[in-house]
Amino acid sequence: MPGHVTLSNIRFRTPDGRDLFAGIDIEFQPVRTGLVGRNGTGKSTLLRLIAGELQPAAGNVVVGGTVGLLRQVPVLRAQERVADRLGVAGPLAVLRRLEAGLGTPEDAALADWSLELRIADALASVGLAGLDPQRCAATLSGGERTRVDLAGLLLDAPDILLLDEPTNNLDAGGRSAVIDVLHNWRGCAIVVSHDRTLLREMDLIVELTSLGATTYGGNWDVYAERKAVELAAANRDLDTAQARLEMAARKNQQRRERQARRDKAGRKSRDRNDMPKILLNARRENAERTGARNDTISAQRTVKAKQDLHAARARLEILQPITVELGSCRLPPGRIVLEADRLTGGPDAKDPVIREFSLRMIGAERIAIRGPNGAGKSSLLRLLIGELAPRSGTARINVPFAMLDQTVSLLDPKGTVLENYRRLNPGEDENACRAALARLKFRADAALQTVSTLSGGELLRAGLAATIGSASPPMLLILDEPTNHLDIDAIRAVEAGISAYDGALLLVSHDPDFISAVGVTRSIELGVEHDAHGGVD
């Protein structure tokens, strides 16, 4: 039977006591399913529950078939070789002993003479054709290790493939290899990702929110259309709930005013003594009963309207993405923003990864630095801002700038999110600081979290807030893989914010959707000789 997974009434509590899942039900069939949701909703935890690495507090996880899990952050072990990561070191050693005439009868019984061909096919399928299984894994880039791990899963041929952010930190070739693997996969695959190109390969999308899990038929584009419709409906529901609460308040006020007029008329009648006392008392008692009953009805109407409003706001909070709003930096159109002349250098001065690089940015240009893993994109940014001393050549930035690197090193890990924002934006008052942080989901006490305790996505959001969230952003933004570890809502918010930004942008990114959305006007390919001097592709 093809691989499948059924989760029934799953409950799970985090080590700090937070309820992550409170009774979710999901069924994964032998199709490709994209698992999406904001950071912190439990996507990676769900994969670990399916893999059996975690146990739910309640509910049942039924897994039909074998499982292979690709982790988000590949772990590197000491002295590890490619064969170890592929899980074939032992079987390969058996073949080597037999070939050398040193094998035992047990080796002969265990020998898999098709293994080397299957290893070659698996490595080729992830874009690593010809990679030596005996190569030290430490000499591979992080993206190459991810691809080796994926090749290992293909060798195992599990019934259920679990991939946790498989394209993070991969170059265009690596992303293409992962997409090709999934394009040809015919079993059950569950993929946690914020890569929209990859999610377009999915047959279904399952979204995790604080309300539970919702399944959407179709790929990312179909899901995005449905979500837009849901967001519009949620906004209408919020407007309706707000109007009903206001109407309830008006009706209550009108009733109180009518009751006050009746009470006044009754007092005048009693003062004139033009009605028998027994009748006056009866009318007063009836009015009090009616008033009490109307008070109860009014209170119930108000409570119901407030509940509806709260529910509408809660639903919109889940659907409404974060916002990134940039003020004007007032960059003059003809201003020379950045100049680099025959720049050469890198982390290893004796073997510079960047050679003879020249570039001039004028005005609000938007330039993407592209190239395969290891081409020196991040090193180039460090040379341009002066963090690395060049071996030769010059680089100069002529305007105020901010750089957000992959590790968000501009933040002090010992300080809170708010303290870091204030340090980096000293001219802003308390209200401006809080508003900027709230737009990136650091509201109230969330802004008081220590940076060292933040998750990867939270850390990047804090860096984005401190870098581009102020009322007066810098004239040049330098962003190194800004979408890594962000969920899709946050990515789209950053896209919208940068699209409206009127300054210059220097960007390193492997995300084609992001590059297109922020309006890049020029791309420079590192590792391509004719583009080494700031050429346009």
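**Entry 1**

I started in helix α9 (residues 220-272), where Trp220 and Tyr223 are separated by about one helical turn because they are 3 residues apart. Helices here are DSSP runs of H or I with at least four residues, strands are E runs of at least two, and both are numbered from the N terminus. I am reading a predicted model, in which local features need pLDDT of at least 70, side-chain atom pairs count only at pLDDT 80 or more, and totals for chains, interfaces and linings use all residues. Residues are numbered from 1 along each chain as its sequence is written, and side-chain values use heavy atoms, with hydrogens and water left out.

Next I looked up ring pairs (Phe, Tyr and Trp by its six-membered ring, centres within 6.5 Å; planes under 30 degrees apart are stacked, over 60 edge-to-face, the rest tilted). How many aromatic pairs does this rule give? The count is 2 aromatic pairs. Tyr216 and Tyr223 are edge-to-face, because their ring planes stand at 85 degrees, with the centres 5.1 Å apart. Trp220 and Tyr223 make a tilted pair, 5.2 Å centre to centre with 45 degrees between the planes. I noted Tyr216, Trp220 and Tyr223 as one aromatic cluster.

Are these residues buried or exposed? I used relative accessible area: buried is under 20%, exposed over 50%, partly exposed in between (1.4 Å probe, protein chains only). Tyr216 and Tyr223 are both buried, and Trp220 is buried too.

**Entry 2: the β8-β9 hairpin**

I then checked strand pairing, which needs at least two DSSP bridges. β8 (residues 204-209) and β9 (residues 212-217) pair in the antiparallel sense over 6 bridges. They form a hairpin with 2 residues between them. Leu204 stands opposite Gly217 in β9.

**Entry 3: the parallel sheet**

In what order do the 5 strands of the open sheet run? I read β14-β15-β16-β12-β17, with parallel pairing. The twist from one strand to the next averages 15 degrees. Inside the sheet, 5 bridges join β15 (residues 476-480) to β16 (residues 504-508). Leu477 faces Leu505 in β16.

Helix α11 (residues 377-385) packs on this sheet and touches β12 (366-370), β14, β15 and β16. Its direction makes about 150 degrees with that of β15. Such angles run from 0 to 180 degrees between N-to-C directions, on lines fitted to C-alpha atoms, for helices over the stretch in contact. Touching, or contact, means heavy atoms within 4.5 Å.

**Entry 4: Gly363**

Where does Gly363 sit? I found Gly363 in the loop between β11 (354-362) and β12. Its relative accessibility is 1%, so Gly363 counts as buried. Leaving out residues up to four places away in sequence, Gly363 touches Leu331, Pro332, Pro333, Arg335, Val337 and Ala504.

**Entry 5: a charge over a ring**

I looked for a charge over a ring (NZ of Lys or CZ of Arg within 6 Å of the ring centre and within 35 degrees of the ring normal). Arg461 lies over the face of Phe442, at 4.8 Å from the ring centre.

**Entry 6: the whole chain**

The chain has 16 helices and 17 strands. Of its 537 residues, 46% are buried. Among contacts with a separation of 6 or more, 70% join residues 24 or more positions apart. The accessible surface comes to about 26,100 Å² (Shrake-Rupley, 1.4 Å probe; for residues, only the protein chains shown count as cover). Carbon and sulfur atoms hold 51% of that surface.
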